[in-house]
Amino acid sequence: MNTFLWIFRHYFKKNLLSPTNLLVIGLPLVFLTAFTLIDMFVYDVAGGQYVIFSGIAIPLVLGFQFFGADLTADWLHGDLKTSTRQRLLVSPIDQRVFFTGIMTAGWLTNVLYGGVVVAVTALVFDVAWGNFGVVLAVMLCISLITQLVGAIIFYFTKDEKSGNRLTYLFGEIMIGISLLPIVAGNIFSPGGALEAIFDHLPVSLGTQVVEGNNMALGFGVLILINAILAAVVLLVGRRRNDGI
């Protein structure tokens, strides 16, 4: 337990200095500021309605949580595919403890970043987040997804550079599909199977839960996604750890 806590604290501190902060904290605030200014400009033209900001703040903030996969993939590549691994193999530290400590540090750092953005948007942009305990639970679920995906990307990429490319691509894709239901809903009514897919995306489920809708279903699906990804990490890890 003491070893796990030491590893966790070490990587938690490293995460706080990571440039990923700019993505998870800075970019959502930049985008929300831009959307606010645009909405103020078109407010009268749209008949006294905010056409962009309304409904986009919560999924945007939740969507940027997916850039947290970069934290886990980076440190795993840096310390399990370099000379550090050789020192780890001759040390009394179990590799599973090392792996779990890195992932937990990335997970909770990501949630901390998200909490900062939630606080700023609630105070500055007057975003109605509702019950902050529910928001925290949603962020814990979504951030865990990012860490598990980061671990999978680590296993399937050769080096840190290729891992970075995939984690950033993953974040960009998740931001895109997180906002797609809102954009599509303002242009046309998806209907049918497409709407069902939109409603069951991780960020869509998280947004529904935060807004107090379909809470049992939302949490259930998010937990199921995490369980499936955890099983994949365990399965792939058992096959690949010896060859790292």
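Is Thr 104 buried or exposed, and what is its relative accessible area? In this predicted model, local features need pLDDT of at least 70 and side-chain atom pairs count only at pLDDT 80 or more, whereas totals for chains, interfaces and linings use all residues. Residues are numbered from 1 along each chain as its sequence is written, and side-chain values use heavy atoms, with hydrogens and water left out. Thr 104 has a relative accessible area of 17% and is therefore buried (buried means under 20% relative accessible area, exposed over 50% and partly exposed in between, with a 1.4 Å probe and protein chains only).

The protein contains 11 helices and 0 strands; helices (H or I, at least four residues) and strands (E, at least two) are DSSP runs numbered from the N terminus. The order of elements from the N terminus on is α-α-α-α-α-α-α-α-α-α-α. Of the 244 residues in the protein, 45% are buried.

Thr 104 belongs to helix H6. A polar atom of the Thr 104 side chain lies 2.8 Å from the backbone oxygen of Thr 100 (a polar contact is a pair of N or O atoms within 3.5 Å; within protein, one must be able to donate a hydrogen and the other to accept it, and residues adjacent in sequence count only if both atoms are side-chain atoms). When neighbours within four places in sequence are left aside, Thr 104 is in contact with Phe 4 and Phe 8. The 30 residues of H6 should span 44 Å at 1.5 Å a residue, and the end C-alpha atoms are 44 Å apart, which agrees; the expected span is 1.5 Å times one less than the number of residues.

Asp 126 is not a glycine, yet has a positive phi of about 60°. Most residues other than glycine have a negative phi. With 66% relative accessibility, Asp 126 counts as exposed.

Helix H7 (residues 132-156) has 25 residues and reaches 36 Å from its first C-alpha to its last, close to the 36 Å expected. At the start of H7, the backbone nitrogen of Gly 133 has a side-chain oxygen of Asn 131 within 2.8 Å. In H7, 18 of the 25 residues are buried, so the helix is largely enclosed by the rest of the structure. The largest nonpolar core has 59 residues, and those with the most contacts inside it are Phe 99, Trp 129 and Val 138. To this core H7 gives the most, with 14 residues. A nonpolar core is a set of buried Ala, Val, Leu, Ile, Met, Phe, Trp, Tyr and Cys residues joined through side-chain atoms within 4.5 Å.

The axes of H7 and helix H10 (residues 202-210) come within 9 Å and cross at roughly 170°. Axes are lines fitted to C-alpha atoms, for helices over the stretch in contact, and angles run from 0 to 180 degrees between N-to-C directions. H7 and H10 are therefore roughly antiparallel to each other (angles over 145 degrees count as roughly antiparallel, under 35 as roughly parallel, 65 to 115 as roughly perpendicular and the rest as oblique). On the H7 side, Val 134, Val 135, Val 138, Ile 142 and Ile 145 meet Pro 202, Val 203, Gly 206, Val 209 and Val 210 of H10.

In H10, 9 of the 9 residues are buried, so this helix is largely enclosed by the rest of the structure. Thr 207, located in H10, counts as buried at 10% relative accessibility. Not counting residues up to four places away in sequence, Thr 207 touches Ile 58, Pro 59 and Leu 62. Thr 207 and Gly 218 are 8.9 Å apart in space, C-alpha to C-alpha, and 11 residues apart in sequence. Just after H10, Gly 212 has a positive phi of about 85°. Asn 214 lies in the loop between H10 and helix H11 (215-240); its phi is near 50°, a positive value in a residue other than glycine. The relative accessible area of Asn 214 is 46%, so the residue is partly exposed.

Asn 164 is placed in helix H8 (residues 160-187) and counts as buried at 19% relative accessibility. Leaving aside neighbours within four places in sequence, Asn 164 is in contact with Asp 70 and Asp 74.

Conventions. Contact = heavy atoms within 4.5 Å.
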